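Reader: Please show me the structure. I would like to learn how to read its core and its helix packing.

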Amino acid sequence: MTVREPEAVMQAVAAAPDDAQPAGRRLEIDPPAFRANYLRRPFLIPHQIARHPLFSLPRLIELSKSLPPEYVEYNAGNIPISIDSRLTPQNGLSIEETIRRIEENRSWMVLKRVEQDPEYNKLLNECLDEVAPYAEALGPAHRIHSRAGAIFISSPGSVTPYHMDHETNFLLQIRGTKFLNVFDPTDRSLLSEQELEGYFCSTTLHRNLVFKDEFQQKATVFTLTPGLALHVPSTAPHWVKNGPDVSISFSVAYQTPASDRVIALYDANARLRRLGLRPTPPSRSRFRDSLKLGVSSVVTRVQKLLGGSGRKGQNPQRRNDHA
Ligand SMILES: [Fe+2]
């Protein structure tokens, strides 16, 4: 297990202005660090929105009331690292009560797709407009789209179980401390091809993964404090433990043509595996990838013509489940 303490990054945070100032730079991206790590491994970036008024509890209660119910998810926060998301215990409280008494009610909550509120949409775009030039410098396949914001509100000591998300993500810590245990997205001893196929072709919300104690030695643990953001690459497994205070985090996430392609390939591989084949993982063979995507596109069109829903993957409610 590797532990990354953020002293050097925090020196930059200490010099950062608070948000009483007009919108300036939201993130302090270091270009060489971005180029060296983006999409490959997690890395820290200072940010300047920790004192933004959109993250006060009264404003978050207002936001929670304005979102459609399916975009507000909450449950008990004192749960194990490994749990089937269908079995997660509820906290028995209302949404407002959960936020208002978050310090004491041992709960975990996420407000999803907060860009439905214009003010949060503006802040999301201000952050991602700063990421986009660096990401898109990698080529047209890395153009960012499907921007989505989520806010996590959780009690002291809460746990977010071991899971992974398909979006590319930056998690900005706003309040309290969070310990993010992040794992290599390319390590197939942690996350098998079949698990990835199951995730991307499923229409259910079973986002959690099975955690084994021996995995922990492979974790890199990041201490997130207010003013720090962590880049979490797509499909990097992770679990989270809060520090001794209430935690609020802002997730800014998106997809790209490159990530769309990977999702389509896993969906195609899941179909092939159901036929009894052993498909080649994505990105190993350009020819096979192109063939699968071509066939998959035709099959999807035929299914739609026949009245089906086409490709199954990408349940919109599964987006943005970062801790
Ligand atoms: Fe996550």
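**Core and helix packing**

Author: The largest nonpolar core has 68 residues, and those with the most contacts inside it are I151, A229 and L230. This is a predicted model, where local features need pLDDT of at least 70, side-chain atom pairs count only at pLDDT 80 or more, and totals for chains, interfaces and linings use all residues. Residues are numbered from 1 along each chain as its sequence is written.

Reader: What is a nonpolar core?

Author: In soluble globular proteins, nonpolar side chains tend to be buried together. A nonpolar core is a set of buried Ala, Val, Leu, Ile, Met, Phe, Trp, Tyr and Cys residues joined through C-beta atoms within 7 Å. Buried means that 20 or more other C-beta atoms lie within 10 Å of the residue's own, with C-beta atoms placed from the backbone. Here the largest share of the core, seven residues, comes from helix 7.

Reader: Which residues does I151 touch?

Author: Contact means C-beta atoms, placed from the backbone, within 7 Å. Leaving out residues up to four places away in sequence, I151 touches L60, L111, V114, I248 and F250.

Reader: How do helix 6 and helix 7 cross?

Author: Helices are DSSP runs of H or I, at least four residues, numbered from the N terminus. Axes are lines fitted to C-alpha atoms over the stretch in contact, and angles run from 0 to 180 degrees between N-to-C directions. The axes of helix 6 (residues 193-201) and helix 7 (residues 257-274) come within 8 Å and cross at roughly 105°. The two helices are therefore roughly perpendicular to each other, a term for angles of 65 to 115 degrees. Residues making this contact include L196 and F200 of helix 6 and I263 and Y266 of helix 7.

Notes
Parallel < 35°, antiparallel > 145°, perpendicular 65-115°, else oblique. Contact = placed C-beta atoms within 7 Å. Buried ≥ 20, exposed ≤ 12 C-beta atoms within 10 Å, placed from the backbone.
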